[in-house]
Structures are given as C-alpha cells and as structure tokens.
Amino acid sequence: TVHVLRFLRKGSTLLGVDHAGSGAIWSTITGRLVQEVRFGQRPAPWTFDLQVLSPDGSRIVMLGADRSFTIWEVTSGALLLRVDMRARAQQHMQLRVTPGGDRIITAVSCVLGDPAIIWSASDGAVLHTLRQPSGVIRVLELAA
C-alpha cells in the first residue's frame, strides 16, 4: 500500500513509497509505471514522511520511525546518507526541505517538547535548533 506520494521532475513523474521502503515511479503524462525501486536491502523502518530533496527530483529524504532520516538516490534506490537523530530528538514526525534542497527541517507533530531542528543535507550536521518560546512547534511549512 502506498503511504506517501510526491511529484518528481516538475510533476512529470510521481513517486509512491510504502512504509517498508518499496517504491514505484509513474509517468503523470501516460499514467504508466516507469520503474519500481527499493530503498534499502532490508525492510526499512516505518516511514513517517518523505520529501523531494533535490530540485531535479533525483534525491529524496525519508523520515523513519527509528528516529533517523535517510537520503536516497531515486532511480537506483542507493542510500546516500543516514542521520541518527536519537541524541537530538525524541520522535520527529515531520520533515520539510528548503527550496534549494540544501537544508532539512524536522519537528514533532505531538507534544513531546522537542524543538524543530535544521540539518545540513550534505552531511547531516545540525545547523540550528529552533525552540518555540511558548511551547512546542507542531506544524512545519516553508514560505517562498
């Protein structure tokens, strides 16, 4: 069952991924299956969120239930980077990517007291920790 759908390549293709990391890419022009892809060799942890990382749609980032985020090459399914967030976050369940694809933002979607964190997409380093003075950041959206 497809869990997350995201447009790739300016909307000409659509990527669908299930909770275990199996995916499919469809043409939005013809409606035909273009390619099946597997992200990882073993069952992936339950995927909470997935976003397109690179403007050309060649890389995606997944947020997993194991408190990590992973960056993947779309057509090959190759793992490019895995960042373990356990030391920095209880359970981030939201993921957003800056328009240029150079930064990843994670946050909780329930009251756990964790701040939002901005990470480098190139090496997974923490760039900033965002704390809401009056409580918890629950919803992430990026404005143009």
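Strand β1 (residues 4–8) and strand β2 (residues 13–17) pair in the antiparallel sense, over five bridges. Pairing here requires that DSSP finds at least two bridges between two strands. Strands themselves are DSSP runs of E, at least two residues long, numbered from the N terminus; helices would be runs of H or I of at least four residues. Within this pair, Leu 5 stands opposite Gly 16 in β2. The hairpin of β1 and β2 has four residues between the strands, and Arg 9 takes a positive phi there, near 45°.

A word on the source. This is a predicted model, in which local features need pLDDT of at least 70 and side-chain atom pairs count only at pLDDT 80 or more, while totals for chains, interfaces and linings use all residues. Residues are numbered from 1 along each chain as its sequence is written, and side-chain values use heavy atoms, with hydrogens and water left out.

Now the whole protein. The secondary structure comes to zero helices and twelve strands. Of the 144 residues, 44% count as buried. Buried means under 20% relative accessible area, exposed means over 50%, and partly exposed is in between, with a 1.4 Å probe and protein chains only. The protein exposes about 7,600 Å², and carbon and sulfur atoms supply 54% of that area. Those areas come from the Shrake-Rupley method with a 1.4 Å probe; for residues, only the protein chains shown count as cover. Among contacts with a separation of 6 or more, 35% are between residues 24 or more positions apart. A contact means heavy atoms within 4.5 Å.

Thr 13 is found in strand β2. Is this residue buried or exposed? Thr 13 is buried, because its relative accessible area is 10%. Beyond its neighbours within four places in sequence, Thr 13 is in contact with Arg 6, Phe 7 and Leu 8, and also with Ile 25, Trp 26, Ser 27 and Thr 28.

On the β4 side, five bridges join β3 to β4, which run antiparallel. Ser 22 lies in strand β3 (residues 22–27) and stands opposite Arg 38 in β4. What joins the side chains of Ser 22 and Arg 38? A polar contact of 2.9 Å does. A polar contact is a pair of N or O atoms within 3.5 Å; within protein, one must be able to donate a hydrogen and the other to accept it, and residues adjacent in sequence count only if both atoms are side-chain atoms. Leaving aside neighbours within four places in sequence, Ser 22 is in contact with Gly 16, Val 17, Val 37 and Arg 38. Ser 22 counts as partly exposed because its relative accessibility is 32%.

Four bridges join β9 to strand β10 (residues 103–107). The bridge partner of Leu 95 in β10 is Thr 106.

Leu 95 is also touched by Gln 51, along with Arg 6, Ile 60, Val 61, Arg 96 and Val 97, not counting residues up to four places away in sequence. Gln 51 has its place in strand β5 (residues 47–52), and is buried, with a relative accessible area of 15%.

Last, the cores. A nonpolar core is a set of buried Ala, Val, Leu, Ile, Met, Phe, Trp, Tyr and Cys residues joined through side-chain atoms within 4.5 Å. The largest has 14 residues, of which Leu 53, Val 61, Phe 69, Ile 71, Ile 104 and Trp 119 touch the most other members. Two or more residues each come from β6 (59–64), β7 (68–73), β8 (79–84), β9 (94–97) and β11 (116–120). Apart from this core lies another, of twelve residues, among them Leu 8, Val 17, Phe 39 and Met 62.
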